[in-house]
Amino acid sequence: MKRRRLLQAIAASPAAAPALLAQGPGSRLGQAGTAPARIATVPAGEAATPAPRFFSPIQLETLRKLAATLMPPLNGNPGAIEAGVPEFLDFLAGSSPAARQKLYRAGLDHLEAEAKRLHAKSFPSLEDGQIDAILKPMLAPWTYDPPADPRKHFLAAARADIRAATLNSREWAAAASSAPSRRRRGGGGTVGLYWLPIDPTRPA
Amino acid sequence: MPRKTYDVLIVGSGHSGGMAANVLTSKGISCLMLNAGPVADFERDRVTKAAHELPYRGLGKPGDLEHVFQATEYNANTWVSEKEIPYTHGNQTPYNWVRVRLVGGRSLFWARQSFRLSDYEFKAADHDGVGENWPVSLAEMDPFYSRVERILKVTGRKEGLPQFPDGDFAESQEFPQTEAVKRLTAAAQKQGIAVSRMRSAMGENGLASSINLLLPGALATGKLDIAANAVVREVTLDKNTGLANGVLFVDRHSRQEMEARAKVVVLAAGTLESTRLLLNSKIANSSGLVGRYLFDQQYGCTVVASMPEARDGKAKPGMIGGGVFIPRFRNLDKGAKRNFIRGYALPMGTGSTPDARYFPAYGDELQKKLDSYAGSCIQGGIYGEVLPRFENHARINPGVKDAWGIPVLHVDARYGGNERNMAKDAANTMEELYRDAGFEILVKSDRVHPPGYSIHELGTCRMGKDPRKSVLNEWNRSHDIKNLYVVDGSAFVTGGWQNPTLTILALSMRASEHLADQLRAGEV
Ligand SMILES: Cc1cc2nc3c(=O)[nH]c(=O)nc-3n(C[C@H](O)[C@H](O)[C@H](O)COP(=O)(O)OP(=O)(O)OC[C@H]3O[C@@H](n4cnc5c(N)ncnc54)[C@H](O)[C@@H]3O)c2cc1C
């Protein structure tokens, strides 16, 4: 066999190529029309639940109660609890710079301390009215700069984060698509153009 | 391999570099453009995603781009990473440096608001005795402004106001004169304040970028080569003549060190990057002013109100919607006595839905408020002049290097009493106008964002006739090195309240034509 013919035979025979080039690429993906069908996957969030690891158990319970109070289910839309917001915020705060971590931890500890001081109970077991009495004085309207007082700052940040994380949740999007008229009430369900990394380079 | 030779080497491909390439190549001058980042592909690099498909539900990756308030989780990959190319500032003096290194730079994403400076800015020192005049006047800039306006297709309404010079406007539809707009206009007129409308560049398909308006024409001449991913570290000089002869750069992917040569070097890397290049090269600084007189415009001060008649879904067609634009109205008379000099503009929009943060409420109560106020809001802000001050500066921080081993900038800038008093006046004025128009105030804040937020960083290589008091001459050419030009916002002497890009483009066009003449005459 002429050398050229031999090479052609190797290229045409799937079994021969790996035998000759043991560590070489074993497929013919370089050739047009040979790509295998794409394997279907599901988002991990649909198949599993988050495992919170940043807040202490009592901080997480306090956050659950706070989230349920600030963003309950309204107009048939899911609320913060249904949207998995406390667990998401555990992840978000846990991945955040120290300033946000401190803001959240200190803010949640403060709510618990107030509940103990005023009612000798844990924040999550307070009545609605008792919770309002603690939260309302901590509310302040703001534009760009959150309130300077750290407790007011915490509530402003938590209220904004809880609301955004609810409106942007998978659960909210599902509810909105099942009843489009609801989507307009309360906004949410953002869909947009996401920029992928552009010609990324690896760090040296 | 023989290296190609070029007449002019341009660093940066944004508005300023794109204009230089466009003008120079149109006159037959060969150019090499180096740009630090890659080309973005608007088809391939963008995908449609719901917020819940993003890792942080659209709230953004924590700790990423902390100084870029404009960043979202959707567009995070378009900004310069603060980890890859850091800069430093003092603990108490934050500075927001908002950068794009893609080919086209920030022209890919700018908001296209386009205003001329007036002689209140070009000749500010003549008006109030503070600072320096520009070495050019509105009359000299007028033909260049007109040509740039035609390229960008700037729309606007002619007003005949000296502080708000009219331009060569493309035809455009009138904004709706709704009841809300009429009431705001009447309230302003009662105080002798002139009301206009926004002026903005239509470009092509909503894009007024170097990549669609300037670079294609330059490439079509066959006289332009663009090298992407070329991170310039310094400008090189010929040892014998002291003239610039090219640059050293790093290939962003391979990290190979390269050198490029040309007869003339034009810096168009954006105000602070051009400044960083000069400082790292240790050149063109006999005045000691490279990096000095950094300023921008102050933004952030906001007043939001609601039109009661437009609440609870009762807004009828023609009641609310559209905006007004109030150009500078303070200190126009020479003898004006206020606790601040210069002035600010007030952009205002009507018919918006309020942000939840304006209401001290939660749960059902908050949702009812949001439903009730939806579409009834009037929102105004400040575009405020910032005084150029010697103390506000950028310098090299030798202790910190970026991912390419290039020393980074330390920025030291703060606003002063003039800015604070101006912001207070702006908030009070907006409140008065709203009340007079019968609107209910929801929030009022006279606090402004940190310096840099407006993305209009200017100064640091200012132009002037006196080489002791300026870095560049009246043609954007270095006083020290006669074949080195800087054509971006660093040349500004004052900035006024106006978004600067129209002026950056007009200056770059003017400088590039002058350079072409010099080349033709064999002067450089
Ligand atoms: C969201 C947004 C909205 C805006 N809205 C407005 C507006 O409404 N009106 C207005 O007037 N202005 C606005 N601006 C500002 C406007 O975009 C800028 O003033 C203008 O685009 C600056 O152009 P430039 O060419 O000077 O700089 P840039 O656009 O920053 O371009 C500089 C280029 O230089 C390159 N470069 C930098 N360093 C190096 C290096 N070391 N080596 C090689 N290349 C380098 C970069 O890659 C970049 O492409 C806005 C900006 C943004 C981001």
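Reader: What share of the contacts in chain B with a separation of 6 or more comes from residues 24 or more positions apart?

Author: Contact here means heavy atoms within 4.5 Å, and in chain B residues 24 or more positions apart account for 72% of the contacts with a separation of 6 or more. This is a predicted model, in which local features need pLDDT of at least 70 and side-chain atom pairs count only at pLDDT 80 or more, while totals for chains, interfaces and linings use all residues. Residues are numbered from 1 along each chain as its sequence is written, chains are lettered from A and ligands numbered from 1 in the order in which they are written, and side-chain values use heavy atoms, with hydrogens and water left out.

Reader: How many helices and strands does chain B have?

Author: Helices (H or I, at least four residues) and strands (E, at least two) are DSSP runs numbered from the N terminus, and chain B has 11 helices and 20 strands. Its radius of gyration, taken over C-alpha atoms, is 24 Å, close to the 24 Å that the globule rule (2.2 Å times the number of residues to the power 0.38) gives for 524 residues, so chain B is as compact as a globular protein of that length.

Reader: Is B:Glu149 buried or exposed?

Author: Buried means under 20% relative accessible area, exposed over 50%, and partly exposed in between, with a 1.4 Å probe and protein chains only. B:Glu149, found in helix α4 (residues 138–152) of chain B, is buried, with a relative accessible area of 2%. Leaving aside its neighbours within four places in sequence, B:Glu149 is in contact with B:Arg116, B:Val154, B:Gly167, B:Asp168 and B:Leu502.

Reader: Which residues come nearest to the ligand?

Author: A residue is near a molecule if one of its heavy atoms lies within 4 Å of it; of the 35 residues around the ligand, B:His15, B:Ser16, B:Arg106, B:Ala111 and B:Thr501 come nearest.

Reader: Which element gives the most to the shell around the ligand?

Author: That element is β8(B), with 3 residues.
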